[in-house]
Each structure stands twice: as C-alpha cells, then as structure tokens.
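Me: I have a structure open and would like to go through it with you. Could we take it chain by chain and then turn to the contact?

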Amino acid sequence: MTGLRKRVAVLYTPGTNCEEETMAAFRLAGGNPQLLFMNDILKGRVRMTDCDCFCVPGGFSGGDHIATGILVATLLADHFRRLVEARIPILGICNGFQALDRARLFTDGVTLSRNDSEVFCSMPVKHRVETSNCIWTKGLEGQILRFPSAHGYGKVVGESRPNVVLTYASESPNGGFIAGICSDNGRIFGLMDHPERPYGNPDGLEIFRNGIRAA
Amino acid sequence: MTIYRIVIGPKKPDGKQADIFKIYNLETGCAASDLRKLHAIFCNSVTETVVETMPAGEFLEVMYQNGVIDPEQEAIIRACGSKGVIVEAAKVGYRYYGRRRQGIYVNKLVHVSFTSEPVLTTLKPRGIRQPMEYFNLLALSDAELIGLSAKRELHLSLAQMKKLAAIQDELCASRVTDVFLETFAARWSDHCNHTTWKALGLLKILMAATEAIGNPNLLSAFVDNAGVWDFYDGLAILFKLETHNSPTMKEAYGGQLTKLGGVLRDIIENGLGAKPIGNIELTVAGEIERRRYPELEGKTWPASLLLRETFSAIADYGNPMGVPMLFPRAKSHPDYSGKPFALGGSVGITTRAAAKKGSPRKGDLVVLVGGRTGNDGLHGATISSGGITEQTDTGDSTHVQIGHPYTEQKMMRAGLEIRDRRCASARTDFGAAGIVSAVGEMGESTGGKGGVLANLALVPLKCAGLSNWQIALSESQERFLHAIIPEKLTEAMEIYDRHELEATVIGIFTESGRFQMIYDPAVTEFQPEMELSGEIALDVPYSCFEDCPLPEIEVIEPPAKTNHPKYPDVSTENINEMGLALVSHFDVCDQSSATRRYDSTVQGITYQGPLYGKNYNVPSSLAVLQPVYGRPYGLTLSLSFSPWQFEVDPVAAAINAMMDALATQVIAGVRLKDICLADNFYTADQDPYAYYYLREQVKAIADLSVRTGTPFITGKDSSSGSGTFGGRTVNVPASVAVTAMGKVPDVRKLSPHAWQRPGNLLVAIKPYATRLDGSILSAALDITGTKLDHFPVDAAASYLHSLEDLARSGVIQSAVPINCGGIFLRLFEGMEASEYSAFANLKPSLFAESFGGALIEIKPADIYRLMDDFRDLQPTVVGFLDEIQTGKVFSVLRTMLDWTALRMAWLKSFERKVNHDRTA
C-alpha cells in the first residue's frame, strides 16, 4: 500500500523535535513519510531529492544557536538548491520555515524576526487562508484553520512584499499579521504555526493533503 | 591563534543608534580576510548589519567566563568549518548601550562583564591537572578528621569519618586517596543515600504501604529513576519529580535549567529507555515584598528575579527538548525566602518490556555518551546534606552547572533506538556525584555480584587539568551511561554517530564485587579480569558502602498552637473587597503570560493542556495526554501543593494535598485503581520540629495510601530547606507536594473543566472546610492561621469510591476541584473561561478551601438524582449559570460583584509582582 503513496521526506537534524507528529500528519494525509537524517545527507548516504515532497519540521535545529535555522540553511545550502531546481514541493513548519528563510527560498528582502513580546509564545490560533498561488492551500482560500502556535522568532518582516498565504484571524502570537508565506512559484510554503498538532487535526490535514496532491 | 570579533547589530531604518550588539569572538588560526565568508552566517542581512566600528559611549558587555563552554560554540565551529574557516574556540558576547544596560543580570559565577574594550588572550578553558592527594585517616585525631571533612566540603560527620578510617584499616591500606574520600562522601550523602530518611525509618513506611496495596498496574517503584505504571497495549507510563532547591537558590537560571534537564534524563534513562511526553513545573519563591523578613532585603535574590529567571530557564530547556508542558505553577511564600521549592517533573512512555531496571552483565562495556566532563557541579550531592548561607552562596563557583538541552534532545531520540535495538543491558543518567554515582551504582548489580572498572583517563573532558576526583565527581550535565553488550557495540556506536553524539568506552563491568577507578591513558581496551594499572584512584568492595553511620536524629514534638487569629466576617458588604484581595494574590492570579512561554502542544498528544477557556488563560487542574496516535487512551496528571496550608499544619496539609490530587482525577472520571502517586518532601534542617512533622506526614500519607489503594511509586526528599541571610535563618515549613498520575481508556469520556450550558446548576461536593486558616484569602490578608480544616481520613476511601460512581453516572457536565482560592475562585475562573454569568447563593464558605472537594455543573433535572444517590458526598447547591444579557454578572447572595474590577485585578497582578524588584 505504501508503495503507491507519494514519498515524503521529513528532514531530521539534531534539534528537530516535531518530526513524529509531522510524519503522522503526512501519513494520515495519504503520504509515505520517511525520516531523512541530515548527517546521512552530509555524508552522501542519501539524497534530499529522492522524494516527491519535502518537509522541514519544527524544532530547534542546531539548538537555535547563532540564529534560528541558520545551521541547517548553511550546511544544506547546496542540497536545498537542488531540491528547488527539481520543483519538489517543500513545506517548512516553524523552525523549518526559519531554515528555509535563512536558505533564502522566499521573496528577497523578507525574513523572520523575534516576536514583539521578545519571548516564546504557545497558544491556540485561528488562521485565514488568503488567495495566493500556493499549492499547499489550493482550494482552502477564505477558510479559517485552527491549529496551535509555539515559537519565539516568527514575525514576518522586511522591506519587500511577501507572497502571503495565511494571516492571523485571532490574536497574533508574534505581533505580526502574516502567518505563512510562499515562494514566487507557490511550491514552497513556510508557516510558523503547527498544522500537524494535535494528531489528526482536520484543519491542518488539509494542508498536508494539498502538498501530497500537488507532488 | 588570534581572537577575532565579528559584531552584529540591528539595522535601524529610522537612523537611530543601535543599543544592543551581538559579538562573535572567534579563536582561529585563519587570516582576518577569511572572516568575510562568515558574515552570511552571523548576519541576517534583512534585519542586521555587520558593524565595523562600535559606537562610543558607556557600555556593558557580557559573555561567558573562560571556564564555561559557551553553548553556541559547537554550532559556531561547525558552521565556520563548512566555509573553510577552522575555529578552535568561540564565545558569544552581548554589548548594551544607554538604557539597555539597566536590568541586565550578570551572574558572576558564569559570566564576565566589561565596561571597556575587553582584552582577550584565549577563549579556551585553562587549568593545570592537580595530582591525586593521599590521606592516612588512621593517623588523624577526631578534630583533624572533622577538619578534613569540612575543608573538602565532604559534609561527613565524625562518626562517618571514623568509619572511613576503619574501612582503610580493613583494606589494610596505608593511605586512602582523595577519590576514596569524595566517593564515600557522595554515596553517603543525603542526596544519594537518604540518610535522614533512613535514620528516621521513613522510606520503608512508604514502600511497605505500596507493597501492601499490591496494585496490579505497578511495574516499578522506588528502585529506578522513575516509578512505572502499566498502560495499555503493552506500554507503560512513568513519572518522576525532583527538587533542585540549593542550585536554584545559588543561581536560579542554571539551577532551574538543570532541574528540568535532570528529571528528563531520569525518564530517558529509566529501565532500558523511555520517551518523555510531558513536563511538570512548580516553583515556590520567597516573599516578593519583604514584609515578614525585611532583613533579607539586598542579602539574597529578590523573589521576583528568581521567578523571572525560572520562567526563562524552564522555557529554554523544555521547549528545545520538544516535551509539552503540562502543569506549570509559580507560588510565593515568605518562608521560602531562604531557599525556594524548585520542583520539576516529567512523565514518559515506554514499552512494558523496557520498563524495569536493567542490570549489567559481566563483560558489558561502560559507555559514556553525550556531553563532556568539566569542573561544573562539583559537590552538588554533598551540599544537599548542608544548608545554604551567604558563604556557600558566593564562595565556590564549581557548584554551578550549565545545562545544554541540545545534547539531551539528541539523546532523547538516540536512546529510543538503543532501546529498540536492545543494545544496552542497563542504563542510567549522570546526576549528583557524576561517575561515582552513575557508574558506581550501576556496577553494584553486575551479574548479581557487583563489580565495575572505570578508567578516568578516557573520559572526554571540556577542559584540561581536571584531577581524578574532579573527573569522578563532576556533575556536568547531559551525560548518559549505557552498559553496552559487547556484540552490540558497533551498532550502538552507529546510532550515536547518526545522532551526532559523542560516545566513549571508559570501562567494563566485572564480577569482582569491587568498585574500581583508575587513571591510565594506556588502557583503552578492557577484559572482565584485568590487573589495575596507572593511578589507582579507588578500589573498594561494594560491601564497604553499606555501613554508613546514620545521624542520630532527635524528634521533637512541637507545642500546640493555642492562639487563633480572627478574620473579618465575610458579608455582602465586603465580599467584593475580599474577592479583589483573593484574585490578586500571586499564587492564583492570571499566570498565563508565563505559561504561554512553554510549548504545551509539541508531540501532538495534548488533549487538555495547562490552560483552558475562551481567553486561554485559566489554569487546568488536570492535564490530559493522548500519547498514542489514533488511540483513545489517556494519561492524566494532577498536582497539589499549598505552602499556606503547610505553614499552618504540615500534617493536615499533607492529607489535603493527597486528597486534592486524587479527587481532581476521580471527579474527572479516572478510576481510583488506575491512579498512582509521587511524593516530594521538603523540610528545613534548622527547624527543630521538622523531623516530627516529616515523620507524621509520612505516616499520614502512607495510611491514606493504603486506605484508598493508591500507591506511591516514586518520590524524593530534600531536608535542607534552611537559608541564612542577613543574620536571619529562614526555614521552610515541613511540606510535601503530591502528584497523581492516572490512566483512562478513553479521554473523550473525561469531564471538562469549562462550563457547558446556561441554566445548569453549580453544586459543591464535600465542602467541609469552614475555617480560613491556610487559605489564599488568609495569605492575602496577611493573617497566619493555626488550625487547618482537613479532609476526614476515615471517610476518604468511601468518599473517593462514591466520587468515582458520580463521575461515571453521567450527571456531571463539568468539574473542577475546590482547592486554592476555594469556591469563590472556581466561580471566578469559570466565568473567565466561559461566556456565562454566575449567580451564587452560597451556604458553604466562599473562601475556605475544601481540598478533596469539587465544584460540579449539572443539569437541573439531575439535582434530585444527585441528592438522593450521592447524599454521602454532601452535595450543596451553590448557584446557577445564565446567559450574558448586557454584561457578565457575578452575583453572590444577590449582591452584584464588580466583575470588571475583579477581572482587571486578576489579569494585572502577575506582571506587577514578577517585576517588583525592577519597580520597587
């Protein structure tokens, strides 16, 4: 059965801590998720492009040291480039979004900064799906999706206008109004909050289903 | 080697001068021109800029001392290496200008600060290895023995020192080593050996109660890191709570960080491995405004600072670990000003097969995994045997431990693979007394005979120059000990490597019956029988550790309290005022700004988290996890602790705590037979009556445990709750936190906390308390009570069984326990969490705290059934819920309370109090 399902590579780097629920969400959404160790990628044992769909889940990769997501973005820079060239749909959740941001996979001049409160914030949040070309939210435009937030560096800032996919429809955990953005071609989606939580959350599953469908 | 500094500052589009800079200090042999390649790593060009010239003006720059490895060093070295720049050491500093300098906390035990340009010669820890010291104890007088104990901070009594001299004689040794002394001091410490409890005969009381109950859910109690309880489908759940009072008093951030790290390790390394799935946090700080102990002002931590450091530390450790926070609470009480109650806990899940404590076999290898060993945390075990004073508070920087969750998080994952591939025969973590405790205790059971040999020369070090006793005793964090089966060594090493964990074979388990430690760099391979070589640091039979002379403890019964305070009569005239005093109290006010700092939904298994209600700001009394994806099974958790009750009557308060923890579970729908308990006692070594109270508390809860059939399966005690500052000794009241862990087959059948429907009735169950002594209101009014209402013990078992029947009857629409703040606070919280008004016509006392009772919501049609079928629960109608008309109405005895004022007082109090030292 799993042979018919699309292969979803879920990146694991030391510090990743949401890989299990992310894999469970992809599995529920009809995918065949596999954990991909960064160490194995760096040692040439596996390739990031050997999948139909790629996800960088949440956590504190590299311990969040230096800056959130920077270690993954630095060490895997060439691999991310090949992934983008292969037009494989990519999802970055929370710390995964931060890593994709530092790998510069979104609009130039846009980045993530510290929450206005200057502290981590964990709370339930409502998100409005905006009209965009994002493949991960296709058909969901206008809907309100509920899933929790848990981050300390999640405010979308910058001089450029990002490709906005999600906005906050309730109190913002970080002080900004943008909850998710996508790349110019709509195939790379980054969001700070957690559609994979709790297990089986129907609102979040819609996003995972879309990604698999588009792969 | 040259030290280069790369300075990063924020971009200021408005042209204003930046006032905070991050400085990367890099010790490298590369040329300065190579450093440009690193700018993209250290600087986010959208929001930051690389600063070539720092601004003029007064500044404060803070970074870690040389002796402390910067947690960011590993990532910096790796990231720089990927750009071809080899960095040997790194330290991150922050420089503050102008008003930013205010309120920056510089912990002199771990930080160094500069107000002028720093001159850095190296970033690496330095040290000269000291030779092993030798002592002939047989030649020392009593005074010299005691002097030696004091000089080395061994905290050993004269009887214990004399026993060591006798052991030297038995071993026919002409002298003993410093490692010998330190090993015995650690193993005989209160922390490792529970000497106080043994002397009082207490441990066996609780263990006997647990054995007598014979609950079939019990898989492991009091023998391993954690207590283990049967779950469903071949799984087991486990929990462990521990205090870190002295380290937190010494350095709050580091102490709290390592507290959580320690209990998480206890779960990770319990049995043959487990996964942490929930965290527990309770800190009781001293008084925020020094009213009872004004002489402490300026002599020790402001409680508000200790609390802020606590929130940061728990977030900084728990969030990266990816373990959801289930139950965070902060409290403040004057008698915890000398030493706080810093309680942390974790719950976990594993397979039933891996639940029991492992035992190494002869020939298994001693493998040290994780963090490197440094000079941090030395004497952590022995200092638990002594109190804390200004002298110990500022004297010995080696007590400070630095937590590093990144390493532990890697082990959390790798440990499950080690478990599932059956690579280890036994596992444990490194806690107090480091190698001495972890290796020594594991080796005690080898092959049923005991025996282990460790080579200290092979232990990977953070810094050169550690002597043998420092390597053996170091409490460096995030280290793990695995007894690896030789045939599985390659497989285990592959797992560690994949998870980027350092792992080193440092010895072998033998059946020599002896605990042996050597220092010999030439010995890198081990056989079960081999000659000792190099420096022989320790070579003693395990039997020597058994005869620890116990202290003679005098148990003094305190005189009865005879003066009873008067409280203002609560009437419709002053009820609003009383309500304001209550909801503003630190212990019960809105703490959600701190709670939200902890990730409570990671792992995707949280069914009922730490907060609930429409504003997500009311604290849950019962945490519920659904730990297996797609399965309805639930793990439930409750905790009870009121310092105000313990201050009045420690024994009655212990009964109330236990009843509260149990009733919170049962009223929600957890079966009594499916609940187990944890105890965490805390007494003051300088309190002459502490041991009396402790003994009576243990007897009381053991008795209640047997009566209710709910066993204690894990616990810990700390008996050093005294602190002397400004010439004043402050003793904590004899206290015990009771935590209950339960299981339910289907979480959907549990009663919610939140009110469900207007028109429903609110009914108090067993509102037995009428006195205000020990209540939050008494604390808010600054009145110390002397007589505590407590749950009637004789009725406890039948009450809980009836409560169990009520929970299954279908009558309950929502339920909360009546504990701190009494019925008044439950009504307030119910309104805050819902869209309803509440009308109360109370017969029972509003503010008295009936621990063990509950406030339930029922449909009006069920009132007669409740009154007829559950008469023994003393159901008492409190009031009803109604729709909101023009605004929320909180009505008591037909008096409309000022809801807005109450709400604002509840919302605003916390921020004001946790910032008290900044505004005072």
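Me: How many helices and strands does chain B come to?

Reply: The secondary structure of chain B comes to 28 helices and 39 strands; helices (H or I, at least four residues) and strands (E, at least two) are DSSP runs, numbered from the N terminus. Please note that this is a predicted model, in which local features need pLDDT of at least 70 and side-chain atom pairs count only at pLDDT 80 or more, while totals for chains, interfaces and linings use all residues. Residues are numbered from 1 along each chain as its sequence is written, chains are lettered from A and ligands numbered from 1 in the order in which they are written, and side-chain values use heavy atoms, with hydrogens and water left out.

Me: What radius of gyration does chain B have?

Reply: Chain B has 28 Å, which agrees with the value near 29 Å that a compact globule of 920 residues would have. The radius is taken over C-alpha atoms, and the globule rule is 2.2 Å times the number of residues to the power 0.38. Along the principal axes, the C-alpha atoms of chain B fill a box of roughly 85 × 75 × 60 Å.

Me: Which domains does the assignment give for chain B?

Reply: Domain 1 (2-114) and domain 2 (136-184), with bounds that come from an automatic or database domain assignment. Their C-alpha centres lie 48 Å apart.

Me: Where is B:Thr895, and what does it touch?

Reply: B:Thr895 is in strand β39 (residues 895-896) of chain B. Not counting residues up to four places away in sequence, B:Thr895 touches B:Thr572 and B:Phe890, where contact means heavy atoms within 4.5 Å.

Me: Now chain A. What is its secondary structure, and what does it span?

Reply: Chain A comes to 6 helices and 11 strands, and its C-alpha trace spans about 45 × 35 × 30 Å along the principal axes.

Me: Which peptide bond is cis?

Reply: The bond from A:Arg197 to A:Pro198 is cis, with omega near -20 degrees. A:Pro198 lies in the loop between β11 (188-191) and α6 (202-214) of chain A. As for backbone angles, phi of A:Glu118 is near 65 degrees, a positive value in a residue other than glycine. A:Glu118 lies in the loop between β5 and β6 of chain A. Most residues other than glycine have a negative phi, and most peptide bonds are trans.

Me: On to the contact. How many residues does it take from each chain, and what area is buried?

Reply: The contact takes 47 residues from chain A and 47 residues from chain B. The two chains bury about 3,800 Å² between them, 56% of it on carbon and sulfur atoms; buried area is the accessible area (1.4 Å probe) that two parts lose on being put together, summed over both. In chain A, A:His65, A:Ile66 and A:Ser122 lose the most area to chain B, together 17% of what that side buries.

Me: How many salt bridges are there between the chains?

Reply: There are 6 salt bridges between chain A and chain B, each a side-chain nitrogen of Lys or Arg within 4 Å of a carboxyl oxygen of Asp or Glu. B:Asp497 forms one with A:Lys43, the closest N and O atoms being 3.1 Å apart. The side chains of B:Asp599 and A:Arg197 also meet in a salt bridge (3.0 Å, N to O). B:Asp599 lies in the loop between α19 (592-595) and β23 (606-608) of chain B and A:Arg197 in the loop between β11 and α6 of chain A, so the pair joins two chains.
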